[in-house]
Amino acid sequence: MLSSRGTKKAELLNVPWRYAPPHKYNKETNPAGLISFGLAEHTPMRSKIAKYINDKVIFTEDSVGYGSGSTTPNRLPYAVASHLNNILKPLSPIDPETIITTSGITGIGSMLGFTLAEPSDGILVSRPVYGRFELDYGVEADVQIVYADTDPEEAFTIAAIDKYEAALKRAEECGTKIRAVLIVNPHNPVGRCYPAETLREILRFCSRNQLHLISDEVYASCVFDSGDPDAVPFTSILSVCTPELINPNLVHLLYGFSKDFGAGGLYLGFLVTQNTALRQATKAILRLHGASAPSTTVGATILEDQSFISQFTQKSNQNLASTYRIVTSTLDQEGINYIKKGNAGFFIYIDLSPYLPDPDRPAREREFVLAQRFLDAGVFLHPGEEHGKVAGWFRLVFAHEEGVLRVGLARMIEVLRKMR
């Protein structure tokens, strides 16, 4: 017998299409294997970060101990602060004391849900948005994700504030207390950056309603030249957040190694907040979400080597720019609509609504049918995961080796051509 909580959580594994099948394609050993366009990972950069770790990181006894007497946990916050001050350009330098080191941003979501909200309270987000926030904030903390009804492009404009207001009102009428607004900047899945003025208006909205603002900036360095002159450059929330706009204790920034460094397997993330009470609360539950000593050893070594970071980031962004253009040129050639002005992250948000089969079935089921046809053809696109208002939109991850990307695109296009 399980507890009611255990039974409820076990049922999550039965939600259709909730969890993505793994990428299995290999040109030499498994050419018929599945190509996944669902996992947001910059695959070509993994070999480079792995080589650096093998060549440069020195593990000591402290690196495999509990860490209480180690100097590495003390080095890491200073290295993180220096790195974030360099890439985020905050109005005031980040103090190492304001950084909490964790086992990744997923864990931070759970910690923030637990410390900022009561069970069944809500976190407000625009949509579309990264679909796993429902799990990050909900699995342990039982906090709901509440969606503001924005369109993909509208979410980046000040017009989105009206949609936040409407969603806040609806939630409260239904008895759901909204505790925070969550944004992803650069954005997942749209691949754009928020304009500075939109960020200021979101801060004002949070201040008026005494809501926390959580800014997930895990893609901060994954900004590339897409060739679009209208693409908006990256602006961190910490570069526009002033006490006149909002109480600094309400603003919290998330960062980690999974995207900028292609190292999700390190499980290393950081919460940056001036809120002393929040830091104390998260420290109390770090025993459940703390980073491992080997990960902090790796993280400190990498972040202290700014020359390597500069070279790595330049190469990463060149790769992203190249593969982004391969995908957009293919979509343009096939007449497939997608959100333009992208210049960040690993994905393009594409409109496959004209290809949805079985018009008599519910819209979301039609997405599942299309996703199954892709899967049968050896390519995976996650249906419904980004919670768009209109069915048929999919996030396509393009951060692959060029050869893998072209094979996956060919498989996807073959399916779509058969459905015209």
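Modeller: The chain has 13 helices and 12 strands, where helices (H or I, at least four residues) and strands (E, at least two) are DSSP runs numbered from the N terminus. This is a predicted model, in which local features need pLDDT of at least 70, side-chain atom pairs count only at pLDDT 80 or more, and totals for chains, interfaces and linings use all residues. Residues are numbered from 1 along each chain as its sequence is written, and side-chain values use heavy atoms, with hydrogens and water left out.

Along its principal axes the C-alpha trace spans about 60 × 55 × 55 Å. Of the 420 residues, 56% are buried, meaning under 20% relative accessible area with a 1.4 Å probe, protein chains only. Among contacts with a separation of 6 or more, 76% join residues 24 or more positions apart; a contact means heavy atoms within 4.5 Å.

Thr-150 counts as buried because its relative accessible area is 1%. A polar atom of the Thr-150 side chain lies 2.7 Å from the backbone oxygen of Arg-127; a polar contact is a pair of N or O atoms within 3.5 Å, and within protein one must be able to donate a hydrogen and the other to accept it, while residues adjacent in sequence count only if both atoms are side-chain atoms. Leaving aside neighbours within four places in sequence, Thr-150 is in contact with Ser-126, Arg-127, Ala-155, Ala-160, Lys-163 and Lys-389.

How values were computed:
Buried means under 20% relative accessible area, exposed over 50%, partly exposed in between (1.4 Å probe, protein chains only).
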